[in-house]
Amino acid sequence: MALPALALDVAAPNTLCCSMCGKDSEHVRYLMAGAAGGHLCDACTVAAMKIVLGQRVKDLLGPTVTASR
Ligand SMILES: [Zn+2]
């Protein structure tokens, strides 16, 4: 009995994947393991850094000055 075609696209059970984007370890430079069993790839790490650093810059600049009269 042939397997359904969809089964061919499913990663092997022991293949590690990024918990954010779903890419497996063959398609990323690295996967960081998290304490809860999830993993984060290099691309998602950079994306997260941009978000965090962007928020830090906003925090450092303080509230936007409005020109009220
Ligand atoms: Zn990712």
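The chain has 1 helix and 2 strands, where helices (H or I, at least four residues) and strands (E, at least two) are DSSP runs numbered from the N terminus. Read from the N terminus, these elements follow the order β-β-α. This is a predicted model, in which local features need pLDDT of at least 70 and side-chain atom pairs count only at pLDDT 80 or more, while totals for chains, interfaces and linings use all residues. Residues are numbered from 1 along each chain as its sequence is written, and side-chain values use heavy atoms, with hydrogens and water left out.

**Zinc site**

- The zinc ion has the protein donors Cys18 (SG), Cys21 (SG), Cys41 (SG) and Cys44 (SG), at 2.3 to 2.4 Å; donors are N, O and S atoms within 2.8 Å of the metal (3.2 Å for Na, K and Ca), and sites may look incomplete because water is not among the atoms.
- The arrangement is tetrahedral because the 4 donor atoms subtend angles of 107 to 115 degrees around the zinc ion; four donors count as tetrahedral if all angles lie between 85 and 135 degrees.
- For four tetrahedral donors, the ideal angle at a metal is 109.5 degrees.
- Along the sequence, the donor residues are spaced C-x2-C-x19-C-x2-C.
- Cysteine 18, in the segment before strand E1 (31-33), and cysteine 41, in strand E2 (residues 39-41), are 23 residues apart and link distant parts of the chain.
- The structure holds 0 disulfides, a disulfide being a pair of cysteine sulfur atoms within 2.5 Å.

**Burial and core**

- Of the 69 residues of the chain, 13% count as buried; buried means under 20% relative accessible area, exposed over 50%, and partly exposed in between (1.4 Å probe, protein chains only).
- Cysteine 18 counts as buried because its relative accessibility is 4%, and cysteine 41 is buried with a relative accessible area of 0%.
- Cysteine 21, at 37% relative accessibility, counts as partly exposed.
- The largest nonpolar core has 5 residues, namely Cys18, Val28, Leu31, Cys41 and Cys44; such a core is a set of buried Ala, Val, Leu, Ile, Met, Phe, Trp, Tyr and Cys residues joined through side-chain atoms within 4.5 Å.

**Contacts of cysteine 18 and histidine 39**

- Beyond its neighbours within four places in sequence, cysteine 18 is in contact (heavy atoms within 4.5 Å) with Lys23, Leu31, His39, Leu40, Cys41 and Cys44.
- Histidine 39 lies in strand E2 and counts as buried at 14% relative accessibility.
- Leaving aside neighbours within four places in sequence, the contacts of histidine 39 include Leu16, Cys18, Leu31 and Ala33.

**Threonine 45**

- Threonine 45 is part of helix H1 (residues 42-61) and counts as buried, with 13% relative accessibility.
- A polar atom of the side chain of threonine 45 lies 2.7 Å from the backbone oxygen of cysteine 41.
- Not counting residues up to four places away in sequence, threonine 45 touches Tyr30, Met32 and Leu40.
- Threonine 45 and leucine 31 are 14 residues apart along the chain, and their C-alpha atoms are separated by 9.3 Å.

Technical notes:
Four donors count as tetrahedral if all angles lie between 85 and 135 degrees; four count as square planar and six as octahedral if opposite donors are over 155 degrees apart and all others between 65 and 115; anything else is irregular. A polar contact is a pair of N or O atoms within 3.5 Å; within protein, one must be able to donate a hydrogen and the other to accept it, and residues adjacent in sequence count only if both atoms are side-chain atoms.
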